[in-house]
Amino acid sequence: MGYWPNHFKILSTIVIPKPNKSSYNSLKSFWPIILLNTLGKLIEKVIGERLQFQVVENNFIHYSQLGELKFKSTTDVSIVLTHFIHTGWIKNLSTSTLAFDIAQFFPSLNHRLLFLILGKAGFNPKVVQFFSHYLVDRKTFYFWNNFSFCLFDVNVGVGQGLALSSIISALYLLPFLYILEKHLKNLDLKISTLLFVDDGLLISQSKSFNLFNACLFSSYSVASKLLSKFGLLVEHSKTEVFYFSRLYGNFNPPLLDLSSIDGLSLVLKDTWWYLGFIFDRKLSFRQHIDFYSNKAISIVKCMKILGNSTRGLNPLQKHLLYRSCALSIALYGFQLWFYHKALLSYSLKILGKLQRRAATWILEAFKMSPSYGIEAIAGPIPIHLHLQKLSRRSQLRAHSLPANHILRSLMSDNSIIPDSTSSPSFHVAQLSH
């Protein structure tokens with residue numbers, strides 16, 4: 001019908017201060033938590049599912065868009081990145097990455113540009129009419145502790161966290177990605193791009209670090225200027241650069257200076273946090289495994305308050321709690337370091353400590369009890385067998401992905417980057433340009 005009831009446009013916004021902030025004089029020091037009508041959220045989710053199915057089925061989303069869409073996740077982004085790096089090492093090439101963040105992304109989306117993109121994308125006019133009614137005349141109540149304020153208009157941008165925000169953001173950035181790809185090709189810059197919602201990643205491969213910096217500087221400048229034309233700004237203070245290399249000895253690549261384009265002089269780091277993964281220069285992932293294993297061990301320690309040998313949870317419930325709440329955290333991103341011919345002695349040693357501590361808690365056994373004995377009685381699957389099981393399931397998932405998914409291209413003999421001109425959305429970028 002192209003209509004969204006006004007009752008669903010009235011929101012409640014709870015303002016919560018972020019913890020551990022030195023000052024609360026800035027709006028960025030607070031979280032605005034929006035409470036929506038439950039029935040409206042359900043209808044939005046149904047509409048979002050249908051739209052996502054339509055764009056995925058018609059190969060409409062750009063191959064590098066991997067955020068908050070069906071069949072795509074943060075793990076997919078990291079798998080693609082590690083594949084880039086390992087492929088470069090086979091060719092004796094080092095890899096450098098430049099990560100940037102779009103400032104205030106969802107509140108900055110331009111409604112008129114979004115409607116234009118939807119119209120030229122070939123969506124049913126009823127869909128365009130629905131969004132033109134869905135995004136306007138929205139109002140909210142603000143609540144701060146015990147204080148409440150009158151209704152305010154919130155007609156700017158798109159609400160972050162809405163069921164439709166993911167598909168809206170993907171469609172909004174669609175022309176940007178194709179135009180950026182075309183500009184980089186015209187400038188003969190061999191740069192690959194990945195995008196997870198508002199987190200962009202530029203990837204360059206070469207044998208020379210000076211060539212790295214030149215390519216990253218030029219591509220970053222092009223991307224920043226192009227985003228400004230879409231009404232978006234890059235938050236330069238969050239821009240990071242990281243180099244991957246298997247070289248031994250001192251590793252001191254030249255610094256990347258972005259001061260001429262309102263950026264900073266980026267310094268070299270030993271590790272790089274990206275989408276919850278901790279990368280190191282040689283992709284050993286030791287810091288990543290240490291961090292999440294220690295986090296899981298802390299959870300197991302806290303679980304002691306839930307029961308002991310006389311009262312509380314029984315061993316079966318403890319075992320279930322460990323597998324669902326602790327082990328899943330420890331194995332976050334295991335696809336990056338658990339693969340054929342990978343060096344696993346360190347990771348299995350660290351995860352083995354977690355298994356032993358969990359088995360001791362489940363059985364309320366003595367600390368000096370033999371590991372193999374208590375683990376056999378407690379019931380958790382040996383960690384190496386559990387990893388093999390999860391790895392096989394991950395491979396089955398990859399085979400069930402749509403044919404245009406970027407992970408499917410990694411499994412074929414073709415180039416890692418699909419031909420973007422074969423996508424129907426390429427026509428949208430041509431019209432937008």
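Helix α1 (residues 38-57) and helix α5 (residues 165-172) pack with their axes 9 Å apart, at an angle of about 35°. Helices here are DSSP runs of H or I with at least four residues, strands are runs of E with at least two, and both are numbered from the N terminus. The axes are lines fitted to C-alpha atoms, for helices over the stretch in contact, with angles from 0 to 180 degrees between N-to-C directions. The crossing of α1 and α5 is left-handed; a left-handed crossing has the near helix turned anticlockwise from the far one by less than a right angle, a right-handed one clockwise. Leu-51, Gln-52 and Val-55 of α1 meet Ser-166, Ile-167 and Leu-171 of α5, where contact means heavy atoms within 4.5 Å. By class, this contact of α1 with α5 has four nonpolar, two polar and no charged residues. In that scheme Ala, Val, Leu, Ile, Met, Phe, Trp, Tyr, Cys and Pro are nonpolar, Asp, Glu, Lys and Arg charged, and the others, Gly among them, polar.

The structure is predicted, with local features needing pLDDT of at least 70 and side-chain atom pairs counted only at pLDDT 80 or more, while totals for chains, interfaces and linings use all residues. Residues are numbered from 1 along each chain as its sequence is written, and side-chain values use heavy atoms, with hydrogens and water left out.

Phe-176, Ile-179, Leu-180, His-183 and Leu-184 of α6 make the contact with Ser-219, Val-222, Ala-223, Leu-226 and Leu-227 of α7. The contact of α6 with α7 has eight nonpolar, two polar and no charged residues by class.

The largest nonpolar core has 117 residues, and Phe-176 and Leu-232 are among those with the most contacts inside it. Such a core is a set of buried Ala, Val, Leu, Ile, Met, Phe, Trp, Tyr and Cys residues joined through side-chain atoms within 4.5 Å. Helix α7 (residues 209-229) supplies the largest share of this core, nine residues. The 21 residues of α7 should span 30 Å at 1.5 Å a residue, and the end C-alpha atoms are 31 Å apart, which agrees; the expected span is 1.5 Å times one less than the number of residues. After α7 comes Gly-231, with a positive phi near 80°. Beyond residues up to four places away in sequence, Leu-232 touches Ile-102, Phe-105, Ser-108, Leu-109, Tyr-172, Leu-173 and Leu-227.

Ser-78 is found in helix α2 (residues 74-90). With a relative accessible area of 0%, Ser-78 is buried (buried is under 20%, exposed over 50%, partly exposed in between, for a 1.4 Å probe and protein chains only). Residues up to four places away aside, Ser-78 touches Phe-277, Phe-279 and Leu-336.

Asp-188 is found in the loop between α6 and β7, has a positive phi near 60° and is exposed at 60% relative accessibility. Lys-190 has its place in the loop between α6 and β7 (191-196) and counts as exposed at 70%. Lys-190 is in contact with Ile-203 and Ser-204, leaving aside neighbours within four places in sequence.
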